Amino acid sequence: MALPFAFQAQTIIAEGRTSQSDVNTIRGWLRTTSLPLLQDEFIVIFLISSENKIDKAKQIIEAYFKVKNGYPNVFNNIDLDSEPIKNIQKVAGVCILPNRIDNKSVVVFGKLTDTNYRNVELLPLIKLCFMYVHMVQIEDPPSDIVAVVDMQGVGFMHLTCIKMEPVLAFLKFIQEGLPLKIRAAHILNTNYIFYRALNLFKRFIGTEILKLVHPHSSDMKLEHFHEEWVPASCLPKEYGGEVPFEQLVSRTQKDNKKMQPFLDAEEKLRKCL
């Protein structure tokens with residue numbers, strides 16, 4: 001079953017980001033498994049995420065299907081027109097920045113736009129996060145992703161919104177089956193809530209992922225953040241960039257609507273197993 005990618009595998013191969021030989025190797029291996037025979041574009045994404053290490057790409061592909069199919073409540077039935085998804089987009093603002101770090105790394109920025117904990121539903125938020133994983137890859141797969149999350153407005157009562165199953169599914173997927181390399185996760189305006197949540201789930205997070213998480217206190221200088229971590233041009237205006245956060249969120253949510261055919265096709269592909 002073909003997924004509606006907006007790029008061609010041959011373009012990525014011509015850019016030298018992977019090779020036809022590696023694509024053929026993965027395709028040949030898939031024929032020996034019970035996994036679906038993926039189209040070249042999907043194979044390319046797995047190869048990029050594994051830095052073209054064949055064995056690692058195979059592991060990610062296997063985990064991708066195992067984890068997603070193992071948690072159908074989290075990964076299936078992502079309906080962008082559903083009320084839970086619409087509501088969570090009013091509560092949590094997430095945007096994909098148009099500029100990439102070194103023209104390679106895509107930056108995804110998020111924060112609460114409604115800090116009332118009663119309005120936060122974790123499951124649709126996590127479903128939306130996984131939708132963004134596909135969204136950043138569907139047109140021009142990046143080399144990796146940098147997540148920036150501002151915790152301003154997050155309080156103690158937000159801990160009551162945590163549900164174990166979606167969080168554990170989220171952690172398992174990003175560590176085993178995520179077809180996108182994580183470069184870093186920056187947490188701005190960290191407080192005791194962040195560290196309490198981290199301690200709660202630390203035993204489920206591997207050392208390699210923990211090394212990628214960078215907490216930043218509220219007294220951090222933005223100039224230092226730009227110089228050391230994320231250039232100002234790759235952030236919303238409120239954080240040193242050029243385009244206001246609200247405008248970036250609106251633009252990203254408008255692009256969201258194009259994702260439903262992909263999400264539906266991807267779920268059907270997994271159900272073929």
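Start by selecting helix 7, residues 122-135, and colour its buried residues (buried means under 20% relative accessible area, exposed over 50%, partly exposed in between, with a 1.4 Å probe and protein chains only): Leu122, Pro124, Ile126, Lys127, Leu128, Phe130, Met131, Tyr132, Val133, His134 and Met135. With 11 of its 14 residues buried, helix 7 is largely enclosed by the rest of the structure. Helices (H or I, at least four residues) and strands (E, at least two) are DSSP runs numbered from the N terminus.

Before moving on: this is a predicted model, where local features need pLDDT of at least 70 and side-chain atom pairs count only at pLDDT 80 or more, while totals for chains, interfaces and linings use all residues. Numbering runs from 1 along each chain as its sequence is written, and side-chain values use heavy atoms, with hydrogens and water left out.

Next, click Glu266 in helix 13 (260-271). Is it buried or exposed? Glu266 is buried, at a relative accessible area of 2%. Setting aside neighbours within four places in sequence, Glu266 is in contact (heavy atoms within 4.5 Å) with Leu3, Tyr64, Lys68 and His134. You've already coloured that histidine: His134 is one of the buried residues of helix 7.

Now jump to Ile162, in the loop between strand 3 (144-150) and helix 8 (164-177). Ile162 is partly exposed, with a relative accessible area of 26%. Its contacts, again leaving out neighbours within four places, are Leu122, Val167, Leu200 and Phe201. Leu122 takes you back to the buried set of helix 7.

Show the strands: five of them form an open sheet in the order 1-2-3-4-5, with mixed pairing (two strands pair if DSSP finds at least two bridges between them). Strand 1 (92-96) and strand 5 (213-215) are the edges, each pairing on one side only.

Seven of the eight residues of strand 2 are buried.

Conventions:
Expected span 1.5 Å × (residues − 1).
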